[in-house]
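I opened the model this morning and kept notes as I went. The entries below follow the order of my look-ups.

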Amino acid sequence: MALEGLDLHAFVQALSVPTQEALGALAQIQRQPAAWQLAFDLLATNDANCRFYGAHTLQAKIAHDWDTLDDDRQEALRGELIRLVVESCDGPASVLKKANQALATYALITVPARWENFLPSVIDAIQERARETGKAGASAGVAILDLLELFPEELNRAVVASSQHGKLVQDIKVSLPVVLQILTAVVRGLPGSAVVADAADFAKQLGLSPEWRVRAWRAILQWLQFGISGDTLFIELLEVCIQQLQTLAAHQLSGGAHADSDEIAAASAATDDMLSNMGMAAKYARSVGTLVLERFGEPWASQVLAHCVKSGSDQDAMAWSAMLISFGETYTEFIVSKIADPALSEHVGTYLHMMLVLTRFPGCHGIDEGISDQPLNFWYLLQEALTDYEYDADADSDAARAVVAATRAAVGRAYVELLKALVSKCAFPSAAAWMGADKDERDRFMSYRREAGDAMLNVYYVLREDMLRLLVDEVLGSMDSFSMANWQHVESLLFALRSIGEAVPESEDVHLPRLFSAEALASRFMPVVQASVDGDRSAQWGLLSTKTGVIALIGAFSEWWRGHPELLSVVVPCVTSGLSQPALVQAAVAAFRRICESCREQLTAASESMVHLACDVLRAGAAVPAREQQRIFESVAEVVMALPPQDQAAALAPITTALLVGIYDDLASVGAVSGGGDSSQLTDRLRLVDALARGLQFPDEVEERALAGDPESVSALALAAQCYQLSAGLCEFRGSLLCAMGQALELPVWARDVQTGMVHVDDDLLECLLSVVNNSARRGPHAFMLAFGDAAAFVGNAWSVLVARRDDSGGRVFGRRWSDQCPALLQCISQLATVFSAASDRWHTARPSMAEIDQTLGTILGRVIGDTCAGIAREAATPAAAVEQQPVIVEYLFDLCTRALQTRPELLVCCEQAAIGSLCELSTQALLVPSRLALKPTAYFLAALIRLSGSGSGAQCTPASALLLLMWNQYGAAWLRATLAGIGGMHPRSLLPNLAELLFAMAKNHLATTRQWMAQLLSEPEFPSPHADGEAKRQFMRQVLSTRSFVRVKSIVGEFSTKCRNIHGTAYAD
């Protein structure tokens, strides 16, 4: 829109509304040079909206079209902006703010190169202009304070070059004393404040307004971000803040009209920022810390906190507490060092008392209040500081040791009170309050309990045995008089004890033996766990919470039970008695697992009763949820695993027999129904077998030591293998289990569509069957481990269920949801390859020859590779789209192939050649898909293949290396093209490390062919990117082929990729 045809009068009328058409026209006009004049034309009107848009236009032109003005006009604009600010100071606040924004934008461009000492000079210029035009001093003050409040925000939002930004900030920091003098004079306008004799008149006048005092406090907070140099100015400002807070506290305590919550919050926020300044704390801890402790140690601070507590005002309490907590968290070491200092000990005590007041703030956290969680981090830091203080203290003299002892005693007294506060705050509220709270409120309370539990650990690290004594005495006394009237207190005490369970050493033999004596367990804890109450819902909730607390407490001290095995005969029944109560099952199982994990050796004497417990759980059926049954079975198996290998079979016999009977009954039940009955019960029983298999595994570290040749570990595994192999009971169990698993694959639940031949696979059942094979197939011996031939045959049959072959044509028929089950089968085959293709060991003596293993596994692997590649291809019209739709299957397939390469490359030799070709084609397509799931395992597989193919000729040539070399010769060029395309910009830069690793393997192991293919590919126009010229490509190739450092290659690839993406030399290249 040209200004020549603009009806200014009509335009002003439209903007005064404003209309949408006028605003759209203004946006277009602002892009034109004539908008400079329009801005002043709008500012010359009397309409507030027009003046606002005039100032806005002026700001926009300065920001975007500054360079269109000559130097003289740029210099003259400064005076015009100051005039505009002064003219606007008596008008609407929005116009003044926009005028100051225009002035700030001007300053961000010209300071300091063309406008030094900006802040003092602009303040003087505004005051002078106001005097010249007859404006009142307060009016000029309004403009100045508005600018001081606005400028830091504008600087934070502005995009300023780093070189100019540093100079600009330096110019501002030099002027900070002037700025802070004005702002502090305003906040001191609060009635009752100390009189500032040299303060500007406008600051005194504005300070009479609560609104301007709040704005001044907020401006102080903004200016603090630039940093205050020197302790004098910092401490002077801090003194002003604390003085004003004291005055505000006096008004609040007296209930006067000047007790404004917004002003308190603003003053506290500024003080909080100063007290949380770590840099100043490091430099001036002594002077600042002493000042704050002395001032906060005066009665007013404690009185105002007590007032907040009495009034129940979270808002005021939050404002006052924020700065107190920040001081404590920042100056913790100073507080600890002065707690026994006669000059400051009383003030430190007062400060700690205030922190305790905040910690025990009345009400239920999350429901009635939100304050009490704020100081918890301080108590953690205080405990850490005390530990460091004691460690660093000079204890060579009696006097020094006395100071350390006095410090610990003083801190200890505070932590005793803290313990009482935490126990009180962790107690559940009344039933009415809890039932009436919504989910978010309950979640906040439970989150607070977890944080408070961590704080109790800090209390223990300070008090140690004193804390145990206090809690144990209280628990025993409360349990003696337990009733539904005091259940909250009892449960909170139990929670406090279990929070420190992990920290109490096994050697503790003073207080815990009193708590967990056989008499206490039998007469105090067991009756509570077995108690019932006939009453309303609230009573049942209270009893259940207490029961859960008892069981969780026993589980929390599982490490301690290991040192006191004589009590386990009472402890375990106390825990397992909760299994008969549905609401307690989860807590009972969790505690049972912790005890079994920590005390498996100590529980071996009771292994028979443990197995009977598992049988009882099995008979209980749905009364114990399936997931919890599995946890129990796994824990029982871990205890049995601690028995000598020759005793394990007899110990397991009752439960394995019961499981087999149930499994065969379920097989018969499911098979008797036409089309297949409900297989969920069968699946649940097989999952229990799987849980036993997990628990019967040797620890990974034992297997690793044995594989490394550790004689003791080898002997242990060899003995176990012999016992497992010779045990008639285990042999019979393995055979029966294998037969049952085979029958499970033939159940009607694997329904085959008569017309299409497609199979509907039972997901849960198949996953469970494969998991049993996985968890029993280990590098070390396993009681349930199937013979190689049996395991391979089962997996082959399972794959045939998933992907069948047509008898007439040999074509493939995939299950309805084959893509969902395929990863589990691929993972199972990978596990078999890892276990059975590894080098022979001294404990698996009954394995077939490696040639037989290679042939069997290779045949399975070849079929699986071919079927999987075909299955992926059928998912979309193009190979790339198919890979993109099935990245998880691609990931698992290449993980399997990589595992086969690393453990037994000969397996690929036994695969069908068509399957190998399909795998190579799929790998090429996977390299072209920008998916981390697909590309990363593919690149890893190809890098391993290329490294092994390097010995595919010469004296070290083997059939496997020859095959890998053939694959490289046939597909290497395609792999290299895909790799270079990804580097050139086809793939996100996050995938460059994987591509760089693959390229490095190519160049290192096949230098000549890689050089030849790279030269051909990079000579193609615009490949791999139109942004990389010939010289850049030649340099890239030369650098890659001349280095043998992967770190260097990764750097070269990254640099070349930035050139291909046309971001080289920009900030995005970093």
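**Entry 1: a buried glycine**

I started with Gly858, which counts as buried at 0% relative accessibility. The model is a predicted one, and I kept that in mind throughout. Gly858 is found in helix α41, residues 850-873. I listed its contacts, leaving out residues up to four places away in sequence. Gly858 touches Ile853, Leu907, Cys910 and Cys911. I also took one distance. From Gly858 to Pro823 it is 18 Å, C-alpha to C-alpha, and the two are 35 residues apart in sequence.

**Entry 2: a buried glutamate**

Next I looked up Glu263. Is Glu263 buried or exposed? Glu263 has a relative accessible area of 1%, so I logged it as buried. Glu263 is found in helix α13, residues 261-275. Leaving aside neighbours within four places in sequence, I found Glu263 in contact with Leu190, Arg213, Val214, Trp217 and Leu248.

**Entry 3: helix α15**

I checked the length of α15, residues 299-311. Its 13 residues reach 18 Å from first C-alpha to last, close to the 18 Å expected at 1.5 Å a residue. Then I asked which residues of α15 are buried. They are Trp300, Ala301, Val304, Leu305 and Cys308. These cover an arc of only 135 degrees around the axis, which puts them on the same side of α15. I noted the general reason. An α-helix has 3.6 residues a turn, so residues three or four places apart point the same way.

I then looked at what the buried residues of α15 pack against. The partners are α12 (231-254), α14 (278-296), α16 (314-330) and α18 (345-359). The face turned away from the buried side carries the exposed residues Pro299 and Lys310. Just after α15, I found Gly312 with a positive phi of about 70 degrees.

**Entry 4: helix α45**

I ran the length check on α45, residues 913-927. At 1.5 Å a residue its 15 residues should span 21 Å, and the end C-alpha atoms are 21 Å apart, which agrees. I listed the buried residues of α45 too. They are Ala915, Ile916, Gly917, Leu919, Cys920, Leu922, Ser923, Thr924, Ala926 and Leu927.

**Entry 5: nonpolar cores**

Which residues touch the most other members of the largest nonpolar core? Of its 353 residues, I found Trp223, Phe516 and Trp561 in that position. Helix α47, residues 959-986, gives the most to this core, with 12 residues. Apart from this core lies another, of 13 residues, among them Phe11, Ala22, Ala25 and Ala35.

I followed up on Trp561. Not counting residues up to four places away in sequence, Trp561 touches Phe516, Leu521, Ile554, Leu567, Leu568, Val571, Ile595 and Cys599.

**Entry 6: pocket and cavities**

The largest pocket has a volume of about 460 Å³. It is lined by 20 residues, and Phe428, Met446, Trp541, Ser545 and Thr548 lie nearest its centre. I noted which elements give two or more residues to the lining: α21 (431-436), α22 (439-463), α24 (487-499), α27 (537-556) and α30 (585-598). Of these, α27 gives the most, with 7 residues.

How many cavities of 30 Å³ or more does a search of the whole structure find? I got 4. About 60 Å³ of space lies in the largest cavity. I wrote down its lining: Ala1032, Gln1035, Phe1036, Gln1039, Ile1052, Glu1055, Phe1056 and Lys1059. The elements giving two or more residues to that lining are α50 (1030-1042) and α51 (1046-1060).

**Entry 7: backbone details**

I looked up cis peptide bonds. One joins Val17 and Pro18, with omega about -10 degrees. Pro18 sits in the loop between α1 (8-15) and α2 (20-29). A cis bond also joins Phe1023 and Pro1024, with omega about 0 degrees. Pro1024 is in the loop between α49 (1007-1018) and α50.

Asn117 has phi near 50 degrees. Asn117 lies in the loop between α6 (93-110) and α7 (118-132). At 39% relative accessibility, Asn117 counts as partly exposed. Asn1062 has phi near 65 degrees. Asn1062 is in the segment after α51. I logged Asn1062 as exposed, with a relative accessible area of 54%.

Key: Residues numbered from 1 in each chain as written. Predicted model: local features only at pLDDT ≥ 70, side-chain atom pairs only at ≥ 80, totals over all residues. Heavy atoms only, no water. Helix = DSSP H or I, 4+ residues; strand = E, 2+ residues; numbered from the N terminus. Expected span 1.5 Å × (residues − 1). Buried < 20%, exposed > 50% of the residue type's maximum accessible area, 1.4 Å probe, protein only. Arc of directions from axis to C-beta. Contact = heavy atoms within 4.5 Å. Core = buried A, V, L, I, M, F, W, Y, C linked by side-chain atoms within 4.5 Å. 1 Å grid on protein atoms, 1.4 Å probe; cavity = no way out; pocket = protein on both sides within 12 Å on 5 of 7 lines; lining within 4 Å. Points joined across faces, edges and corners; volume = space filled by probe spheres on them.
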